[in-house]
Amino acid sequence: MKAAVVREFGQPLVIEERPDPEPGPGQVRVRVEASGLCHTDIHAANGDWPVKPTPPFVPGHEGVGLVEKLGEGVTHLAVGQRVAVPWLGSACGRCEHCLSGWETLCESQVNTGYGCDGGYAEKMLARADFAQLVPEGVSAVDAAPLTCAGVTTYKALKVAGVRPAQLVAVSGVGGLGHLAVQYAKIAGATVAAIDVTDEKLELARELGADVLIDARTQDVGAELKRHGGAHAALALAVSPAAFEAVNSGLRRGGKLVMVALPAHGTIQVPIFDTVLNGTSVIGSIVGTRQDLAEVFQLHAAGRTRVIHETRPLTAVNESIDEVLHGQVKARIVFDLGEGGGGR
């Protein structure tokens, strides 16, 4: 099989031939049809974060494909079923977090494409209990971005406790943000979309955003306050300055939900204003298996649109450059279907 491999941090990925992986007990082998390019994959390839993966490894945590082989003890999946393999590759199932519905906080979790090989390959292994069935009618190229970009923003809105008629600010309308706009509208919120490109602001408008804020020419905080202030603000743009800007536009009792993970940087949270206004700063990391099942259910019901561009896996390095230079409208998905691996 072909795989795109990180051999050294900060260097181009290498397309190489590898033997097909054999599933162990509790695992399945998936023939990958599509795999989304998330900014986290770029951070992984560059070794940007304090906890680093160990090269050589295969990144990718939006892998979707068909179950090809079952490991010992797997009875709830069948060969030929379509599954998604998300960031949460496995969790212990026994700790306080797992038992209270917060498996994404499990300290023993293994993350796909980070702690184990991921979806930038024609075939991959997955823990069967964490491989999410994809409903009939949902294509692999749509399911791939939903597996991280979708479930991450869906969960962030849950964490924020968004209710109908509230004002939700979506800072950064890209792979995550274009889905966040839609989930906020499904929740009944008024949506303020913030970005620095005309194309992405127009995309937000097409997807239902009620207020458009151009951070190049407008004061984000002042604009949000002009509309009463945000009840919740999702920080999706990979920029500490964008975090601070949207935080300044919260109303009293509002919540800043940090989602994006810049490689470096901190933000200044003013103590007086935070205390006086009763605002909150919260971190939100991906979503649980149940969250992902709900995301797929909404898409199967026709409630969401996934904006994506497909590429062959052989274009992985050029695709990363496009993301880093802000040239992608929403999400790049590597098409590994018949011929899509770049053979």
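This is a predicted model: local features need pLDDT of at least 70, side-chain atom pairs count only at pLDDT 80 or more; totals for chains, interfaces and linings use all residues.
Start with the inside. In soluble globular proteins, nonpolar side chains tend to end up buried together. Here the largest nonpolar core has 45 residues, and the members that touch the most others are Val168 and Tyr183. The top contributor is α3, with 10 residues. Leaving aside residues up to four places away in sequence, Val168 touches Leu157, Val162, Ala184, Ala189, Thr190, Val191, Ala192 and Ala232. Another core, of 37 residues, lies apart from this one, and its members include Met1, Phe57, Trp87 and Ile320.

Trp102, Leu105 and Ile285 make a nonpolar surface patch of about 260 Å². Leu105 sits in the loop between α2 (96–99) and β7 (110–111), and with a relative accessible area of 39% this leucine counts as partly exposed.

As for the cysteines, the disulfide count is zero. Cys38 is in no disulfide, and the nearest cysteine sulfur, in Cys148, is 4.1 Å away. Cys38 is also buried, at 5% relative accessible area. Cys95 has its closest cysteine sulfur in Cys92, but at 3.7 Å that is too far for a bond, because a disulfide needs the two sulfur atoms within 2.5 Å. Cys95 is partly exposed, with a relative accessible area of 22%.

Most peptide bonds are trans, and most residues other than glycine have a negative phi. Pro55 and Pro56, however, are joined by a cis peptide bond, with omega about -5°. Pro56 belongs to the loop between α1 (39–46) and β4 (63–70). Ala165 is not a glycine, yet has a positive phi of about 75°; this alanine is in the loop between α3 and β10 and is exposed, with a relative accessible area of 64%. Val286 also has a positive phi, about 35°, without being a glycine. This valine lies in the loop between β15 (280–283) and α9, and Val286 is buried, at 9% relative accessible area.

Conventions: Residues are numbered from 1 along each chain as its sequence is written. Side-chain values use heavy atoms; hydrogens and water are left out. A nonpolar core is a set of buried Ala, Val, Leu, Ile, Met, Phe, Trp, Tyr and Cys residues joined through side-chain atoms within 4.5 Å. Buried means under 20% relative accessible area, exposed over 50%, partly exposed in between (1.4 Å probe, protein chains only). Helices (H or I, at least four residues) and strands (E, at least two) are DSSP runs, numbered from the N terminus. Contact means heavy atoms within 4.5 Å. Patches are made of residues with over 30% relative accessible area and no salt bridge: like charges are joined within 9 Å, nonpolar side chains (Val, Leu, Ile, Met, Phe, Trp, Tyr) within 5 Å. Accessible areas come from the Shrake-Rupley method with a 1.4 Å probe; for residues, only the protein chains shown count as cover. A salt bridge is a side-chain nitrogen of Lys or Arg within 4 Å of a carboxyl oxygen of Asp or Glu.
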